[in-house]
Amino acid sequence: PERSTDELGTLIHCVNDLSQNIENLIAEKVALTGEVTRSQYEVLGALASIVENKSGQTGAHVARVSQCVRILAAQMGYEGRRLEYVTIASMLHDVGKLFVPAEILEKPGKLTPAEFAVIKRHVTDGEALLHNAPGPIMEFARNIALEHHEKWDGTGYCGGLQGEQIHLEARITAVADVFDALMSRRPYKDPFPKDKVYAIIVGDSGKQFDPAVVEVFVRHFDELCAVIEQNPDAQQNRSMT
């Protein structure tokens, strides 16, 4: 019918052209979305690295936590774009530390109660910093920034939230963040051995951590350890025994 010269043929020709134009626009939008996502990832990664560098660490912590979150989240129901979004968003879990004085972040000894109170504020500061940022990635990032120090039993930084009241992406990031912190060198500690890290995380199941997330952690422990080994801090030696 497209080859006919009557009005029907003309209409069909126009519809076919319009359909092709829509396909072209969809293809262009997909490509553009990919570019925007990559650019956003790079910008968020740079911001997260600034946070970590301020605390005397390298950006490797950000990368490791993000990769560990991906492994755990993929087993907890996140897939497709949601998995990408939560993986990227987890890079900003400690963005509120931009407001914490370096002398507190880098202190090698035990923090005073007043200093610890300042540290605890980084969760609310992080959420406030991201509060008006639009888009699904920023929604995940706000939840994670505010809630990644909440505990399953309700005794976290902010208090009042417990169990499934805490967003799942924050519960996942909590395990990934503590896992990396225990496996890594900090101003106040040396890296812990793998078996000790495993025992600490499993021992806090149902207290600090969501038992369902810990179950996934147990099943994928070797894979998570590989993330740490493959992304070492640039100027630190890590014991993995």
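User: At what angle do helix α2 and helix α11 pack?
Analyst: This is a predicted model. In it, α2 (residues 60–74) and α11 (residues 221–230) pack at about 160 degrees, and their axes are 9 Å apart.

User: Roughly parallel or roughly antiparallel, then?
Analyst: Roughly antiparallel, because angles over 145 degrees count as that. The crossing of the two helices, α2 and α11, is right-handed.

User: Which residues meet there?
Analyst: From α2 there are R64, Q67, C68, I71 and L72, and they meet E223, L224, V227 and I228 of α11. Sorted by class, the contact of α2 with α11 has 6 nonpolar, 1 polar and 2 charged residues.

User: Switching to S184. Where is that?
Analyst: S184 sits in the loop between α8 (168–183) and α9 (194–203).

User: Buried or exposed?
Analyst: S184 is buried, since its relative accessible area is 0% and under 20% counts as buried.

User: What does its side chain reach?
Analyst: The S184 side chain reaches the backbone oxygen of D180 at 2.6 Å. There is also a polar contact of 3.2 Å between the side chains of S184 and R64. R64 is one of the α2 residues that meet α11.

User: And how do α8 and α9 cross?
Analyst: Their axes cross at roughly 150 degrees and come within 10 Å, so α8 and α9 are roughly antiparallel. α8 passes α9 in a right-handed crossing.

User: What classes of residue are in that contact?
Analyst: The contact of α8 with α9 has 8 nonpolar, no polar and 1 charged residues. Among those in α8 are F179 and M183, and α9 includes K194 and I200.

Conventions. Residues numbered from 1 in each chain as written. Predicted model: local features only at pLDDT ≥ 70, side-chain atom pairs only at ≥ 80, totals over all residues. Heavy atoms only, no water. Helix = DSSP H or I, 4+ residues; strand = E, 2+ residues; numbered from the N terminus. Buried < 20%, exposed > 50% of the residue type's maximum accessible area, 1.4 Å probe, protein only. Polar contact = N/O pair within 3.5 Å; in protein donor to acceptor, adjacent residues only side chain to side chain. Axes fitted to C-alpha atoms, helices over the stretch in contact; angles between N-to-C directions. Parallel < 35°, antiparallel > 145°, perpendicular 65-115°, else oblique. Left-handed = near helix turned anticlockwise from the far one by under 90°. Contact = heavy atoms within 4.5 Å. Nonpolar A, V, L, I, M, F, W, Y, C, P; charged D, E, K, R; others polar.
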